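Dear colleague,

Please find the structure below, handed over for your use. My findings follow it.

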Amino acid sequence: MRKLVAALLVTGLASSPALAEFPEKPVEVIVGYSAGGGTDVMARTVAQFLEKELGEGASIVVKNMPGAGGQIGFTEVSKANPDGYTLGTFNLPAALALTKDREADYDVNSFTYLANFVEDPNTVVVSASSNFETLDEFLAWAKENPGAMTFGLSSLGGNDHFSANMMAAASGAEFTLVPFKGAAMARTALLGGHVSAGTMALSQTTEFKDDLRVLAVLSEERSPFRPEVPTAKELGYDVQMSSLRGIVAPAGMDAEITDKIRAALNAVNENPDFQQMMAKQGNPMAFVSGDAFEQLAKKQDDVAQAIWDETPWK
Amino acid sequence: MYSDLVHALPNVLDFSNFAAVVIGVIAGIVVGAMPGLSATMAISVLVPFTFGLEPLVALGLMAGIYNGAMYGGAIPAVLLRIPGTPAAVATTFDGYPMAQKGEGGYALQVAVVSSAIGGIASAIALMLLAPPLSKVTLLFGPSEVFWVAVFGLASIIFLLGNNVIKGLISACFGVFVSVIGSDPIYGNDRFTFGQLELLDGISIVILLVGLYALPPVIDLLEVPLKTDGVSGSKLGTEPIWRTLPRMGRFWKTWIRSSLIGVWIGILPGAGGSMAAFMSYNEARRTSKTPETWGNGEPEGVAASETANNADTASALIPALTLGIPGTAVAAVMLGGLLIHGLQPGPMLFRENPDIVFGFMWQFLFGAILLIFLGGSLATNSFARLLNLPRPLLGSVIIVLMLIGVYSIHGRMFDVYLMLGFGAIGYIMDKLKFPLPPVVLGLILGGFAEENLRLALRIGRGDWSILFANKTSLLLVALTVSVIVGPIIKRHLASKKDDAKRAGR
């Protein structure tokens, strides 16, 4: 009898929700890119504030697993035990776009979507010495000379590429896409006059205000960082594309733990110190939590799928 | 254009940044003095560890090591006739006879002063040439960069010497390694065998650690080196201020060898040993007393040591401005820059002027420090360092390599990859396949492919875009002359021989 009670007690203890105790060991945040990059800096900033929100003794370890355009890190997160101790950064549309053009061990349903923090809109940008002063002039020329407009991109299958495709679809112009190795190289080529335009994210243009002319920003509303730049939508081209950075966990996570982490991330976002730090790093914020984030991911997935179906890039 | 240079100076004189250069020079001299350990190896082992350091501390260490090692190689070359680094081979020709005549101390003083002069010349060349070049290279688009890469590949011919076939096989192996990973345009997998870790291609640092560091370490464990050290009387060291006036007559050699070293450094492909040989031969050819050469002519030591230090900073001129390294060491240093998120190329000078110009200052200070640090280290007690238990040294280096490579991306895959390249390097070493063409093949092959495809995309498939401007045409002409030049020279030489034979 005593043994039975003891056994019941033990099982009872073991099966009691870990929630009350969570986190009782360090939480890992897996970053699919190298330390020092934009995603890594976001992860470390969020981690710093999340640690406080999760309560006394909570510790968060940021682990960089760079490689294969982030795929190594995304895969690691999707395969991890959904116990709340493995989180990861999530980049849209990159993380889902790469599941279209190559074999990946995860898809849009492999994650529990916690919160998105950053949204960096793409742009249509030309060199400051370019003849094009407005988006209309630019597109008019591109339409007259199909294929002569060269667009420098950071790669194929990313938000730069999708931006160019969506602009082409919306305006009826035809562009020649030139995928460089990374955003910095694409920008250098644009500055050197080797390509005529680019679609780089707005944050990539901030340090080059005098050398680059941003013709339009591909977001719903004007960016607080560059309020003088019109959106493409205002100019009559309903195109929105951006690079999003958020935090996810593996799919199938216990609802209570999910809620606890979501609540903590909400609190992080409401902390003015956090907001200030993110702004200082030049991060355009777009906080989207929980189901809304999941919807956003699914929408991005559909966009990538549609572009892949229509104009496969590989 | 040069104001950034002045702005960067205070930062360099910051305690930790300056200390890094001092430590680097000392470590470099030690490494260079150890036969079998080269600057390339020391820097490749170091690079992964610099991740957590401030960029200028990391770069200062590298600049110091490079300068120190190029001189350090002279110490055993003079005292024991064992070149500490491949670049010090030419130093043995006259350095060792001098030591036998009891002038070893003077030989080392000549070596240290010449090394410093070469290093200073090289640093100044980097400071003067890189900033204006960085403005020009912004105008280098994919087609121009493609031709630079082709030119570099063609200049591998310089490296081949008598073993053309083996050198070409090495270069082809390097080019093959460059195609591993996703292709630069569409991202199709090539030779990845489903390994995600290979999608980004082979990291140059991992290849270099495996290829350049592992084989010498195995050698270290394989071959016991026995030296009896040197007896004090042979050195005959006098205070340097008394010997300096005697060196005055080398000024022509110093200038000539500096120019040769700087030029060889800028050329992709060739490196320190080639600079040293060329400048030794030139100096002997122009000498009034060629018969003393090889029997302890201090000017021979000056020629070799000036040149092998004069290629250090200049090798970074194409590396920093175009991202195309001139030597294997420059390639590792680029790896070091990339680890710190510094993308080489024209934008580097704009976005991180303090770092890039600080790095140049560090090269200059490294060279100047050589006189002080190198002079005091070149003693008998230092020569005894060579008797350190080699198995101990070897195992320490292997452990550092393993930790270092693991820490780059935090994965064991890279460690296995490095060990694999180590095995390949070891076999190549034994079969006398040259290693530099592998590195250049990897770097330049990748550049050539990527930029050719980008250029053709920009030109919408029209190949004439490759010849569309003067820069491209100039580079094509240079490439042709590099390939055809030696053939014509050989042809003329054989004609001369025929003429001689006919005249007899």
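Pro346(B) belongs to helix H18 of chain B, residues 346-351 (helices are DSSP runs of H or I, at least four residues, and strands runs of E, at least two, numbered from the N terminus). This is a predicted model: local features need pLDDT of at least 70, side-chain atom pairs count only at pLDDT 80 or more, and totals for chains, interfaces and linings use all residues. Residues are numbered from 1 along each chain as its sequence is written, chains are lettered from A and ligands numbered from 1 in the order in which they are written, and side-chain values use heavy atoms, with hydrogens and water left out.

Pro346(B) has a relative accessible area of 16% and is therefore buried (under 20%, with a 1.4 Å probe and protein chains only). Leaving aside residues up to four places away in sequence, Pro346(B) touches Thr188(A), Ser134(B), Thr137(B), Leu138(B) and Thr321(B) (contact means heavy atoms within 4.5 Å). Its C-alpha atom is separated by 9.5 Å from that of Phe140(B), 206 residues apart along the chain.

As for chain B overall, 24 helices and 2 strands are present. Buried residues account for 57% of its 504 residues. Of the contacts in chain B between residues at least 6 apart in sequence, 80% join residues at least 24 apart. The C-alpha atoms of chain B fill a box of roughly 70 × 65 × 50 Å along the principal axes.

Yours sincerely

Terms used: Buried means under 20% relative accessible area, exposed over 50%, partly exposed in between (1.4 Å probe, protein chains only).
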